[in-house]
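Please read these points with the sequence and the model open side by side.

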Amino acid sequence: MKLTKEDKIKIIELYNLGYGSRRIAKQFSIETSTVKRLVAKYKIHGECVTEVKHTKRKFSVEYKLEVIQRIGNGETENSIANELLLNHGLIRSWVKKYKELGYNGLIGLVQTTLLKGDYDFSERYTE
């Protein structure tokens, strides 16, 4: 379920009034983690997180590699997602594509001839 701007504002207001994440999640029929992510992003970025986006953003391969490298250096998907206003699932998909196809997985190519420095995620990501 997509949350409207009004829903997001109400969730943040309820949280700031002391309502728990579970109670808010139940009221809006969403996951508790959605409430927690919204509040965490709000604490960093303010009201801009309540805006509903209507266009898809495009990210360069270099940008994706920077994000993947930060994860390889020990940062969590959620902390990066909150900081950069990204969906944590999007970051997870970049990591998966990079693990499977290397550099080319981030540009949509199936060939594996242009691989750049591989990162070892075997310890951080087990399926």
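1. The axes of α1 and α3 come within 10 Å of each other and cross at roughly 85 degrees. That angle makes α1 roughly perpendicular to α3, a label for angles of 65 to 115 degrees, with under 35 counted as roughly parallel, over 145 as roughly antiparallel and the rest as oblique. Axes here are lines fitted to C-alpha atoms, for helices over the stretch in contact, and angles run from 0 to 180 degrees between N-to-C directions. On the α1 side the contact (heavy atoms within 4.5 Å) is made by Lys-8, Ile-11, Ile-12, Tyr-15 and Asn-16, and on the α3 side by Val-35, Leu-38, Val-39, Tyr-42 and Lys-43. Sorted by class, the contact of α1 with α3 has 7 nonpolar, 1 polar and 2 charged residues. In this scheme Ala, Val, Leu, Ile, Met, Phe, Trp, Tyr, Cys and Pro are nonpolar, Asp, Glu, Lys and Arg are charged, and the others, Gly among them, are polar.

2. A word on the source: this is a predicted model, in which local features need pLDDT of at least 70 and side-chain atom pairs count only at pLDDT 80 or more, while totals for chains, interfaces and linings use all residues. Residues are numbered from 1 along each chain as its sequence is written, and side-chain values use heavy atoms, with hydrogens and water left out.

3. How many helices and strands does the protein chain have? There are 7 helices and 0 strands, where helices (H or I, at least four residues) and strands (E, at least two) are DSSP runs numbered from the N terminus. Of the 127 residues in the chain, 31% count as buried; buried means under 20% relative accessible area, exposed over 50% and partly exposed in between, with a 1.4 Å probe and protein chains only.

4. Helix α1 (residues 5-16) also has a crossing with helix α2 (residues 21-28): their axes come within 10 Å and cross at roughly 150 degrees. That makes α1 roughly antiparallel to α2. Here Asp-7, Lys-10, Ile-11, Leu-14 and Tyr-15 of α1 meet Ser-21, Ile-24, Gln-27 and Phe-28 of α2. The residues of this contact divide into 5 nonpolar, 2 polar and 2 charged.

5. Which residues have the most contacts inside the largest nonpolar core? They are Leu-65, Val-67, Ile-68, Ile-71, Ile-91, Trp-94 and Leu-106, in a core of 14 residues. A nonpolar core is a set of buried Ala, Val, Leu, Ile, Met, Phe, Trp, Tyr and Cys residues joined through side-chain atoms within 4.5 Å. At least two residues of this core come from each of α4 (61-72), α5 (77-84), α6 (88-101) and α7 (103-107). The largest share, 5 residues, comes from α4. Apart from this core lies another, of 12 residues, among them Ile-12, Ala-25, Leu-38 and Val-39.

6. Trp-94 touches Phe-59, Tyr-63, Lys-64, Val-67, Ile-68, Leu-86 and Leu-106, leaving aside residues up to four places away in sequence.

7. In α5, Glu-77, Ile-80, Ala-81 and Asn-82 are buried. The buried residues of α5 pack against α3 (32-45), α4 and α6. Leu-85, which follows α5, has a positive phi, near 55 degrees.

8. The C-alpha atoms of Ile-107 and Phe-59 are separated by 9.9 Å, although the two residues are 48 apart along the chain.
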